[in-house]
Structure formats: structure tokens, C-alpha cells
Amino acid sequence: MDIQTEKAYQKQHGIFTNSKNPAKRNKRWFKDIGHGFKTPNEAKYGNYIDKKCPWTGEVNIQGRILTGVVISNKMKRTIVIRRDYLHYVPKYNRYEKRHTNISAHISPAFDHLAVENGDIVTVGQCRPLSKTIRFNTLKVQKAKSASKQFAKF
């Protein structure tokens, strides 16, 4: 994957790329985001540049950690996840099924997994990255089966 795919020159913040010393030229900065999530090897040793990546960019994970099922991956570096839940209706003393869709940024560190519809992802809350994106993908688990059903129950 080529690093320079955008019109603007892409580089990591605070990394000097024009050093005369070849050992210093290919330095890569990454961080541990905490919360028990491992830093992917692609983030450590890859060559992608993404300022919205929680490991190599300028984004902190804070707030809620949620889990959902991928329903769309058609956007560039963005996925839509569906969270199913039960809502209690006191009048009838029963529960009804509801869902909510959440847009989340997916780092190029997960490109090698080729996230598909039906995969289970864990996302963490961060600052607003765009008009609708407030979450960042932290972990991807491949789907067990292709059947479409109420995922949580």
C-alpha cells in the first residue's frame, strides 16, 4: 500500500522524515491506547499514515466501549455497525427489539483482515472525527455464521 494516496502530503506529526541518517529516516511513532487492547502489528511495523487512527494518529479513546455487527463497509475508512437491544414496555410487561446504527472509523491497521458484513467489531468513543463519526474501531472478530438474526440473543 502506497503511503501517499491523498492530494496533501501525508506524514506523522512530530516525525522528521528528511534526516541524512538512514536509521532515523524510517522511524514510526505509535502508542498503546490502553483499556486492554493490543496494538496491531500493522500499526507498529506498517507504513500507512492515518491521523484518525487510535494507535498512530492524534485520537484518544475515552468514554464508552461498544460492540456491534458490521452492516456496511462501503465508505472509505468508515464502517456502519448495528447494535441490537431490548426495550422494556411497562404497559404490556414485555420487551421489544430495537436497534441503532453507529458510524465508526476503521484504521488501515485492519485492512489485512478485510472487514466484511456480519463481522463483530468493538469500537471506542473518541472526539468527533466528522459530522457523524464519534467512534473508532479497536478490535475485529470474524463472523461465525452468515445467517441474519438478532445477534445478541
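Trainee: In what order do the five strands close into a barrel?

Mentor: In this predicted model, the order is β1-β2-β3-β5-β4, with mixed pairing. Strands here are DSSP runs of E with at least two residues, and helices are runs of H or I with at least four, numbered from the N terminus. Neighbouring strands of the sheet are turned by 50° against each other on average, direction ignored; the axes are lines fitted to C-alpha atoms.

Trainee: What makes β1 and β4 a pair?

Mentor: Two strands pair if DSSP finds at least two bridges between them. Five bridges join β1 to β4, so the two strands count as paired, and they run antiparallel. Leu-66 stands opposite Val-123 in β4.

Trainee: Why is Ser-107 called buried?

Mentor: Buried means under 20% relative accessible area, exposed over 50%, and partly exposed in between, with a 1.4 Å probe and protein chains only. Ser-107 has a relative accessible area of 0%, and is therefore buried. Ser-107 is found in the loop between β3 (94-105) and β4 (120-125). Leaving aside neighbours within four places in sequence, Ser-107 is in contact (heavy atoms within 4.5 Å) with Tyr-48, Asp-50, Cys-53 and Pro-54.

Trainee: What makes a group of residues a nonpolar core, and which residues have the most contacts inside the largest one?

Mentor: A nonpolar core is a set of buried Ala, Val, Leu, Ile, Met, Phe, Trp, Tyr and Cys residues joined through side-chain atoms within 4.5 Å. The largest has 26 residues, and those with the most contacts inside it are Ile-79, Ile-81, Val-121 and Val-123. The elements giving two or more residues to this core are β1 (65-75), β2 (78-89), β3, β4 and β5 (135-141). Of these, β5 gives the most, with three residues.

Conventions: Residues numbered from 1 in each chain as written. Predicted model: local features only at pLDDT ≥ 70, side-chain atom pairs only at ≥ 80, totals over all residues. Heavy atoms only, no water. Axes fitted to C-alpha atoms, helices over the stretch in contact; angles between N-to-C directions.
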